[in-house]
Amino acid sequence: MPLIPEERAVQHQTFCNWINYHLGRKDQRGVVSDYRVNNLTEDFRNSLVFAALIQRLSKPAEQLYFFNPPEFEEQHIDNLELALKFLRQKEQVSNCSITAEEMFDGSLDAILGLIWFLIMHYDIFHFQLLQPGERRTRNTASNILLEWVQAQIPEQNVHDFEATTWGDGVALYQLVRTFVRQSLDDEPSVDGTQNAERALQVADTLLGVPQLISPRSLGAAELDAQSLMTYLATMRNVMTEKRDLAVQAAETDLPAPQRTAGSFSKRQSMMQATPVELPSDISPPLPPRQPRPSQQQQQQ
């Protein structure tokens, strides 16, 4: 079913926020990217933006080589094709059917579909929580997240990602409250937007969960389920990392590292893509490809 205009806008903004969150994290070399996106129909025309995202999501053991800097349109397309090939063959990202040309030309529906597959692959399925001795199941993304939410707030009877369940902000309020009860010690209000706004702000400032989705979009009559799932998956992963760090610190008798939970509103000032040269060790080993002659040149 095609996205209605409002859902499409919400999903586009949520996915941009998710991309920027990961671009702001360190890659396998400990490097933080200065690239940011705010328009998915334009920003991937700079192929190094997508290359930086893939390196932070996958942290590949082998070095990926890109044309850096790309001098021609064909080299940008070659870079995108290399990244997509890596996703399909090495990372086994299923249903990755978009072409490099579609990305470069800014096909929004195809790009949104690709980003959703990346969210499921890296933030939902690869982060599926398992008990000792338990095998990974071929569960759906929604069921994996629902099981986690239900385990945190069983009293809320959350069974889907629809507006009827999340629109009043109570489920999100109670979910955040399980982690920071001292900061949300009162009951949720009758104002759904106020509940969502307060929960998102507390999760951002105290837990380090970036505010990928807005309070208004959570209260919309047609809630975009993929945007909500993206936020919940990020919350689950952040809290799991915190728990694992605390366990590791306890086992080694060391203080747990403190993660600075800056407000996402401050991070939004970095949304504009800022070109930065990637390290020289990922410069292309091949000579630059010459631009293809124009049709008029071919006829001469």
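The legends below go with a set of close-up views of this predicted model.

Before the close-ups, some housekeeping. This is a predicted model in which local features need pLDDT of at least 70 and side-chain atom pairs count only at pLDDT 80 or more, while totals for chains, interfaces and linings use all residues. Residues are numbered from 1 along each chain as its sequence is written, and side-chain values use heavy atoms, with hydrogens and water left out.

**View 1. The whole chain, as a starting point.**
The protein chain has 13 helices and zero strands; helices (H or I, at least four residues) and strands (E, at least two) are DSSP runs, numbered from the N terminus. Along the sequence that reads as α-α-α-α-α-α-α-α-α-α-α-α-α. Of its 300 residues, 46% count as buried, where buried means under 20% relative accessible area, exposed over 50%, and partly exposed in between (1.4 Å probe, protein chains only). Take the contacts with a separation of 6 or more: residues 24 or more positions apart account for 62% of them. Contact here means heavy atoms within 4.5 Å.

**View 2. His 22 and its surroundings.**
His 22 sits in helix 1 (residues 5–23). With a relative accessibility of 6%, His 22 is counted as buried. Skip its neighbours within four places in sequence, and His 22 is in contact with Leu 53, Arg 56, Leu 57 and Asp 123.

**View 3. Helix 9 against helix 11.**
Helix 9 (residues 192–207) packs on helix 11 (residues 225–252) at an angle of about 30 degrees, with the axes 12 Å apart. Axes are lines fitted to C-alpha atoms, for helices over the stretch in contact, and angles run from 0 to 180 degrees between N-to-C directions. The two helices are therefore roughly parallel (angles under 35 degrees count as roughly parallel, over 145 as roughly antiparallel, 65 to 115 as roughly perpendicular and the rest as oblique). Helix 9 makes a left-handed crossing with helix 11, meaning that the near helix is turned anticlockwise from the far one by less than a right angle. On the helix 9 side, the contact is made by Leu 200, Ala 203 and Leu 207; helix 11 brings Tyr 231, Met 235, Val 238, Met 239 and Lys 242. Sort these residues by type and you get seven nonpolar, no polar and one charged. For that sorting, Ala, Val, Leu, Ile, Met, Phe, Trp, Tyr, Cys and Pro count as nonpolar, Asp, Glu, Lys and Arg as charged, and the others, Gly among them, as polar.

Searching the whole structure turns up five salt bridges, each a side-chain nitrogen of Lys or Arg within 4 Å of a carboxyl oxygen of Asp or Glu. One of them pairs Arg 177 with Glu 187, with the closest N and O atoms 3.2 Å apart. This pair links distant parts of the chain: Arg 177 belongs to helix 8 (residues 170–177) and Glu 187 to the loop between helix 8 and helix 9, 10 residues apart. Arg 177 is buried at 7%, whereas Glu 187 is exposed at 55%. Another pair is Asp 186 with Arg 198, whose closest N and O atoms are 3.0 Å apart. Asp 186 lies in the loop between helix 8 and helix 9 and Arg 198 in helix 9, so this bridge ties together parts 12 residues apart in sequence. Asp 186 is partly exposed at 34%, and Arg 198 is partly exposed at 30%.

**View 4. The Glu 81 and Arg 88 pair.**
Glu 81 forms a salt bridge with Arg 88, and their closest N and O atoms are 3.8 Å apart. Glu 81 is partly exposed, at 33% relative accessibility. Arg 88 is partly exposed too, with a relative accessible area of 31%.
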